[in-house]
Amino acid sequence: MLDQALSALLLQAGWNATLVALGAALLGAAAGGAGAFIFLRKRALVSDAVAHATLPGVALAFIVMVALGGDGRSLVGLLAGAAGSAWLGLLAVDRLTRRTRLSEDAAIGAVLSVFFGAGVVLLTVIQTMTAGRQAGLESFLLGATAGMLLEDAVVIALGAAACALAVALLRRPMTLVAFDPGFAASTGVNVARMDLAMMGLVMAVTVVGLKIVGLILIVALLIVPPAAARFWTERTDRLLVIAAGIGAVSGWVGAAISAAAPDLPTGAVIVLVAFALFLAGLLLSPARGVLAAVLRRRRFAHRVHRRQGLLALARGEAILEPLTQRLLRREGLIRADGVPTEAGRAEAAKARLDEARWAAMRARRDDAEAARYDGLTPIETVLAPDEIAELDRRLGPRAPEGA
Amino acid sequence: MRLRPARPTPPALVAERGRTLREADEGGAALAVRGLTVSYGESPAVFDVDATFPAGSMTAIVGPNGAGKSTFLKAALGIVARVSGEVSVFGRPLEASRGRVAYVPQRASVDWDFPVRVIDVVEMGLWRGLGLLGRLTGAKRAKARDALARVGMEGFAERQIGRLSGGQQQRVFLARALAQGADLYVLDEPFAGVDAATERAVVSVLKDLQAEGRTVIAVHHDLSTVRDYFGRVLLLNVRRIAEGPLDEAFTPETLQETYGGRLEAAGLGALAAG
């Protein structure tokens, strides 16, 4: 099975598997890019409503195609139905939020459950039809690549490429609307239309992704890549690229794993791969990661303890806190019995002198420099040497000598 | 919010209240507003306001909290929909003059944890006119750097905007407006919650703009500095109370009418007499 996954990963598992992997990668890139905007606009849940609203459309399209004499399994036809009902769901959320006193979360909840419920009822109806039993419409819920036709893969790849292109074209107005809608409107961007375009893009990604990822989990492929990308950058343009990259890798690897284990729903596998990448950022990101935050907090606590310990030594007080004792002992500033060493006395005197300098400066000034006093900032990083000398002259003979 | 073109007010109605929009335009107004009403729900936040801001002037919009100052500006610039009223910018419809207007929103209106650096925000001021495919050239990027230098923030270009003080954030917003190279600058509470150094820097930039012949309109809440910073006021409390040069419009009587009992309570009555 590992062999199979590896060969799918390296595009050596046959033409069909290759196209599926390519399609999934393109889909992931488009989803990551489009998702970045709804992530930044903080409207992730609307996409969940849109995704669930595709189900009745898929089912209705199937019924209509069978009624017209087909076998109802044309992917393009099913996706067209999905797009139609997703658009209705999107408009319903939009109207409910704008025209009534319902808040957006209530509108989302209502639309999501009603459309999904209608879809489930229609699926049950389809089960009773003769053509329905082999329809395999359930795969639209969680995604499946097993038994996917070549032309299906082509449709998905083309659709995903079109979405990615739209993201690239609209990146500036959409960034503007997400960051500062008031400013965007003042430069002539139609914010309402841009929001609709954003959701239209999400809808397109959802529809294109129905076959591979499925409607229940597509929201994760939209949101997890940008959330993961946010750990690695402070720039919107890079966030887009990284999110698209994470989406692409998730799609690629997920499709490969799924090719090796056809029983697993493809959508779930892809989302789990994306989640693994998210987890890596959550733990390891130097700026926003959990481990870095723990280390920063620890280092900060150590600085506070060290400084307070030194000031206590300068006042001739005993140090009782175990952490402070340990830190000062490790630096050789106090002996095992708590008595300050030579170096410790010098450091303590310096700490006390700095406090006195700060106090003298803050008594005379009320500016940005004076406001930087926080007990930890060394005064040398704020004032020039001549300014410090001037302060020392004012402190005069009262300047404390070694404690 | 969906924008809908307001129906033109019948000319007779406009003329009754003094100068028509066209007269204001011909008189060299940078921004002229007639009969502007804006409403959230069914109670007007701004009702039937006329205002004329001459080109090259520097005007404070003053009024109590909830008087509709921000709303007035947003509606004048087409950021929120208006129920009725007409707007012209440099004698033309707003849409035709968009490129000559720079708007500085309230600092609290955006998420400062957004993944952008200082220079990225300033460059947003250059995006209009690039189209969907255009690229920022070196000359344009230099313009953004210049704007940043003008507000004294060139040393912070690469910093994420969340790691700035409130005053620094305000300067970045101003720099973005400067990068737009506009003729009309509209600022919403540019001095709210900023440090004294920033306030001085912002005022000096605004006065320079005026000296270059540009027009400045700012929502301002500190009555004690109106006289130092501005040449004109628009006193607003849902309706227009007074408008014009300080000597005419910024008087104890007009302030009393604008603020009512709140003026006495705050002990501000003496300020306008200046």
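How many of the 403 residues of chain A count as buried, as a percentage? I looked this up before anything else. The figure is 48%. I note here that the model is predicted.

**Entry: chain A as a whole**

I went through the secondary structure of chain A. I found 17 helices and zero strands. Next I checked the radius of gyration. Chain A has 31 Å, whereas a compact globule of 403 residues would have a value near 22 Å. I then looked up the spans of the C-alpha trace along its principal axes. They come to about 105 × 55 × 35 Å for chain A.

I turned to contacts in chain A. Among those with a separation of 6 or more, 69% come from residues 24 or more positions apart. The surface was my last item for this chain. Chain A has an accessible surface of about 18,800 Å². Carbon and sulfur atoms hold 65% of that surface.

**Entry: the sheet in chain B**

I moved to chain B and traced a sheet. This open sheet has six strands, in the order β6-β7-β8-β3-β9-β10. Its pairing is mixed. Which strands stand at the edges? I found β6 (101-104) and β10 (239-245) of chain B there. Each has a single partner strand, so one side of each lacks a neighbour in the sheet. I also looked up the turn between neighbouring strands. On average it is 15 degrees, with direction ignored.

**Entry: strand β3(B)**

I took β3(B) by itself. It covers residues 58-62. To β8(B), residues 215-219, it is joined by four bridges, and the two strands run parallel. I picked out two facing pairs. Ala60(B) is opposite Ala218(B), and Ile61(B) is opposite Val219(B).

β3(B) also pairs with β9(B), residues 232-237. That pairing is parallel too, over four bridges. Here I noted Thr59(B), which stands opposite Arg232(B).

Is β3(B) largely enclosed or left open? Five of its five residues are buried, so the rest of the structure largely encloses β3(B). I sorted the side chains by direction. Met58(B), Ala60(B) and Val62(B) point one way from the strand. Thr59(B) and Ile61(B) point the other way.

I checked α3(B), residues 69-76, for burial. Seven of its eight residues are buried, so this helix is largely enclosed by the rest of the structure. The buried residues include Lys69(B), Ser70(B), Thr71(B) and Phe72(B). Just after the helix I stopped at Gly78(B). Its phi is positive, about 70 degrees.

In α7(B), residues 166-179, I looked up Gln169(B). Its relative accessible area is 7%. The cut-off for buried is under 20%, so Gln169(B) counts as buried. What does Gln169(B) touch, leaving out residues up to four places away in sequence? I listed Arg107(B), Trp112(B), Ile161(B), Gly162(B) and Leu164(B).

**Entry: aromatic pairs**

I counted aromatic pairs over all chains and got eight. One is Phe275(A) with Phe278(A). Their ring centres are 6.1 Å apart and their planes stand at 20 degrees, so the pair is stacked. Both residues lie in α13(A), residues 266-284. They are three residues apart, about one turn of the helix. Phe275(A) has a relative accessible area of 41% and is partly exposed. Ring pairs also link Phe275(A) and Phe278(A) with Phe231(A) in a cluster.

The other pair I followed is Phe191(B) with Tyr229(B). Here the centres are 5.4 Å apart and the planes are at 50 degrees, so the pair is tilted. Phe191(B) sits in the loop between β7 and α8 of chain B, and Tyr229(B) in α9(B), residues 226-229. The pair therefore ties together parts that are 38 residues apart in sequence. Both Phe191(B) and Tyr229(B) are buried.

Notes: Residues numbered from 1 in each chain as written. Chains lettered and ligands numbered in written order. Predicted model: local features only at pLDDT ≥ 70, side-chain atom pairs only at ≥ 80, totals over all residues. Heavy atoms only, no water. Pairing = 2+ DSSP bridges. Axes fitted to C-alpha atoms, helices over the stretch in contact; angles between N-to-C directions. Rg over C-alpha atoms; globule rule 2.2 N^0.38 Å. Buried < 20%, exposed > 50% of the residue type's maximum accessible area, 1.4 Å probe, protein only. Contact = heavy atoms within 4.5 Å. Areas by Shrake-Rupley, 256 points an atom, 1.4 Å probe, with all protein chains shown as cover. Phe/Tyr/Trp six-rings, centres within 6.5 Å; stacked < 30°, edge-to-face > 60°.
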